[in-house]
Amino acid sequence: MPKLGMEPIRKEALVKATIVEIGRTGSLDVTVSQIAKRAGMSSALAHHYFGSKEDMFLAAMRHVLTIYGAEVRGALHLATTPMGRVEAVLRASFSPANFRREAVGAWLNFWVLSLTVPGARRLVAVYQRRLRSNLLAGLRPLAGDRAEVVAEGLGALIDGLYLREVLKSGAPDGAAAVATAMDYLAVELGKEGLLDASRPTL
């Protein structure tokens, strides 16, 4: 029988092991045995804490999204202008942490998982809603009636730029991705002067 008080610790270890194994293999084709071994426990204990491998994947997905959300909130806390809020979201989206091997493997494979697993699809929808909401908070004072349209375009660009950076040859360039997104925003707003005055140097 598992020791009292160990459940949260072991669950966290299994979640982290799941993310590492997905990143190592580059796919969702990992076994509970592999995950359990990396977490330093038996497959039986892993099944005790999570009913299935799919449950482990979903818990890992929630963990990745929680970390990303915390990074966005931290960046937003330091923003002092509407444009600063938008750029804070961009910088958090393309931070070095999101380009670590295990993070890349997790993001790419969780998108794939969302095609067939309703729970994963719901988590992706939560991510998209929060991204849109965070962008709108900065865009409404800047874009007015066009804020919704610009937010949709910028959100799609964030996901697309992330995919391009992680799939290209060579190391991902988060700063370049931020710059591309900000250039798109400048064109959409038609206010290059405002952009130049409000954005920090990359």
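Trainee: What makes Tyr68, Ser93, Asn98, Trp107, Trp111, Tyr127, Ile158, Asp159 and Tyr162 the lining of the largest cavity?

Mentor: A lining residue has an atom within 4 Å of a point of the space on a 1 Å grid over the protein atoms alone. Those nine names meet that test for the largest cavity, so they are its lining. This is a predicted model, in which local features need pLDDT of at least 70 and side-chain atom pairs count only at pLDDT 80 or more, while totals for chains, interfaces and linings use all residues. Residues are numbered from 1 along each chain as its sequence is written, and side-chain values use heavy atoms, with hydrogens and water left out.

Trainee: Why is that space called a cavity?

Mentor: The word applies because a 1.4 Å probe fits at its points but cannot get out. The largest cavity holds about 80 Å³, where a volume is the space filled by probe spheres set on the points, joined across faces, edges and corners.

Trainee: Which helix gives the most to the lining of the largest cavity?

Mentor: Helix 8, with three residues. Helix 8 (147-167) and helix 6 (101-113) each supply at least two. A helix here is a DSSP run of H or I of at least four residues, numbered from the N terminus.

Trainee: How do you know how the lining of the second largest cavity divides by class?

Mentor: Ala, Val, Leu, Ile, Met, Phe, Trp, Tyr, Cys and Pro count as nonpolar, Asp, Glu, Lys and Arg as charged, and the others, Gly among them, as polar. The lining is Met61, Leu65, Trp107, Phe110, Trp111, Leu123, Val124 and Tyr127, so the count is eight nonpolar, no polar and no charged. In the largest cavity the lining has six nonpolar, two polar and one charged residues.

Trainee: Which helices each supply at least two residues of the lining of the second largest pocket?

Mentor: Helix 4 and helix 7 do, and helix 4 gives the most, with six. The pocket has about 170 Å³, and its lining includes Tyr68, Gly69, Arg73, Tyr127 and Arg130.

Trainee: What makes helix 4 and helix 5 a contact?

Mentor: Contact means heavy atoms within 4.5 Å. Tyr68, Glu71, Val72, Ala75 and Leu76 in helix 4 meet Arg85, Ala88, Val89, Ala92 and Ser93 in helix 5, so the pair qualifies. These residues are seven nonpolar, one polar and two charged.

Trainee: How is the packing of helix 4 and helix 5 described?

Mentor: Helix 4 (residues 53-78) and helix 5 (residues 82-93) pack at about 145 degrees, with axes 8 Å apart. Axes are lines fitted to C-alpha atoms over the stretch in contact, and angles run from 0 to 180 degrees between N-to-C directions.

Trainee: Why is the crossing of helix 4 and helix 5 called right-handed?

Mentor: That name is given because the near helix is turned clockwise from the far one by less than a right angle, and the crossing of helix 4 and helix 5 falls under it.

Methods
On a 1 Å grid over the protein atoms alone, a cavity is a set of points where a 1.4 Å probe fits but cannot get out, and a pocket is an open set with protein on both sides within 12 Å along at least five of seven lines; lining residues have an atom within 4 Å of a point.
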